[in-house]
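Subject: Two-chain model, handover and notes

Hello,

Here is the model we spoke about. Please look it over first; my notes follow below.

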Amino acid sequence: MRRSHTISLYIDYPYDATYRYLADPRNYGEWAAVDKASYRPLGNGDWEAMTNFGGIRHFRFTPINAFGVLDHAVFVPGETLLWTPMRVTPNEEGTELVFTFYQRPGMSDAEFASAIEWVTTDFLALKSLLEAPRR
Amino acid sequence: MLKARTLTVEIARPPEDVYNFLVEPANLAHWTLVKNGRPDPVAGPNSWTYDGVRGPVTVHFTPPNPYFVLDYRMQMGPQIVHSASVRIIRNGAGSVLTHTSVQQPLVSDAMFGSEEEWMMSDLLVLKTLMEK
């Protein structure tokens, strides 16, 4: 079993709208650590982008579901998929987001700690994006 | 916004095993203090009532699903006393259980803190039971 770290954060934005936004793969490039210009759909339903942490990756998303489940896999084409669990649930007028990050094979404890910080930054960016007043 | 707190427990058993155990309402009595569970169709299609320490308690469960989601709400009398989103996720050959409680209206901060401590000790009982 790998080490894991779970992040949870409150987003002051309604659950339905938050889920709809996150479930649409087109929006992933807006907040995740990828080069937005390179982010594009592939023929098989997966997406591809240059990542900020280095190299091209493919992305696979969970189909629309009634449970707020937003798991996605970030992988090198041809290699094993490592799914990242993510979910949103309602909290009154807002949303709770829960995300679990795993220590990947070959990742040192220091690298894992640093990766957690980077991932947390992504989610704070997402939070700001959703909470910013809409034009 | 209600206060929320997430607990996580790693369990050295495949997520299918943990989910299949927890999705069966009768098994709640094996790792918490409730006893004598029985379906309560009047309360809801996925609701069971148990004998709790402080009287009858009704638990509204989530129907079986492929995402291993186990959200529940606990009701005593007319009031929802506890509500949580729960999920079993895969971690290699093992599992991680994530349990996010939302502090219900009328539940004080002190009571919520104490409930979370009880919850964590229940979850550790579950871990021990599953890893046996």
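Start with Phe68(B). It sits in the loop between β4 (55-61) and β5 (72-76) of chain B. Helices and strands here are DSSP runs (H or I, at least four residues, for helices; E, at least two, for strands), numbered from the N terminus. Phe68(B) is buried, with 23 other C-beta atoms within 10 Å. Buried means 20 or more other C-beta atoms within 10 Å of the residue's own; exposed means 12 or fewer; partly exposed is in between; the C-beta atoms are placed from the backbone. The phi of Phe68(B) is near 60 degrees, positive in a residue other than glycine. Most residues other than glycine have a negative phi.

Some housekeeping. This is a predicted model: local features need pLDDT of at least 70, side-chain atom pairs count only at pLDDT 80 or more, and totals for chains, interfaces and linings use all residues. Residues are numbered from 1 along each chain as its sequence is written, while chains are lettered from A and ligands numbered from 1 in the order in which they are written.

**The chain B sheet**

Chain B has an open sheet of seven strands, in the order β1-β7-β6-β5-β4-β3-β2, with antiparallel pairing. Two strands pair if DSSP finds at least two bridges between them. The edge strands are β1 and β2 (35-39) of chain B, each pairing on one side only. On average, neighbouring strands are turned by 25 degrees against each other, direction ignored. β6(B) and β7(B) pair in the antiparallel sense over nine bridges. Within that pair, Val86(B) has His99(B) in β7(B) as its bridge partner.

**Helices on the sheet**

Helix α1 (residues 15-22) of chain B lies across β1, β6 and β7 of chain B, at about 155 degrees to β6(B). Helix α2 (residues 109-131) of chain B packs on the sheet and touches β1, β6 and β7 of chain B; its direction makes about 15 degrees with that of β1(B). Axes are lines fitted to C-alpha atoms, for helices over the stretch in contact, and angles run from 0 to 180 degrees between N-to-C directions. Contact means C-beta atoms, placed from the backbone, within 7 Å.

Which residues of α1(B) are buried? They are Val18(B), Tyr19(B) and Leu22(B). Seen down the axis of α1(B), they fall within an arc of 95 degrees, so they line one face of the helix. The arc is that of the directions from the helix axis to the C-beta atoms. These buried residues pack against β1, β6, β7 and α2 of chain B.

Leu7(B) is in strand β1 of chain B. It counts as partly exposed, with 19 C-beta neighbours inside 10 Å. Leaving aside neighbours within four places in sequence, Leu7(B) is in contact with His99(B), Glu116(B), Met119(B), Met120(B) and Leu123(B).

**Cores**

The largest nonpolar core has 35 residues; Val18(B), Val59(B) and Ile88(B) touch the most other members. Strand β8 (residues 94-102) of chain A gives the most to this core, with five residues. A nonpolar core is a set of buried Ala, Val, Leu, Ile, Met, Phe, Trp, Tyr and Cys residues joined through C-beta atoms within 7 Å. A second, separate core of five residues includes Ala32(A), Trp47(A), Ala49(A) and Phe59(A). Beyond four places in sequence, the contacts of Ile88(B) include Val18(B), Phe68(B) and Leu97(B).

**Interface**

How many residues of chain B are in contact with chain A? There are 21, and they meet 20 residues of chain A. β1 (4-11), β6 (79-91) and β7 (94-102) of chain B each supply at least two residues of that side of chain B. β7(B) gives the most, with five residues.

**Chain A**

Five strands of chain A form an open sheet in the order β2-β3-β4-β5-β6, with antiparallel pairing. Its edge strands are β2 (40-41) and β6 (83-84) of chain A, each pairing on one side only. Strand β5 (residues 72-75) of chain A and β6(A) pair in the antiparallel sense over two bridges. Ala73(A) stands opposite Trp83(A) in β6(A).

Glu92(A) also has a positive phi, near 50 degrees. It lies in the loop between β7 (86-91) and β8 of chain A. Glu92(A) counts as exposed, with 11 C-beta neighbours inside 10 Å.

Best wishes

How values were computed
Contact = placed C-beta atoms within 7 Å.
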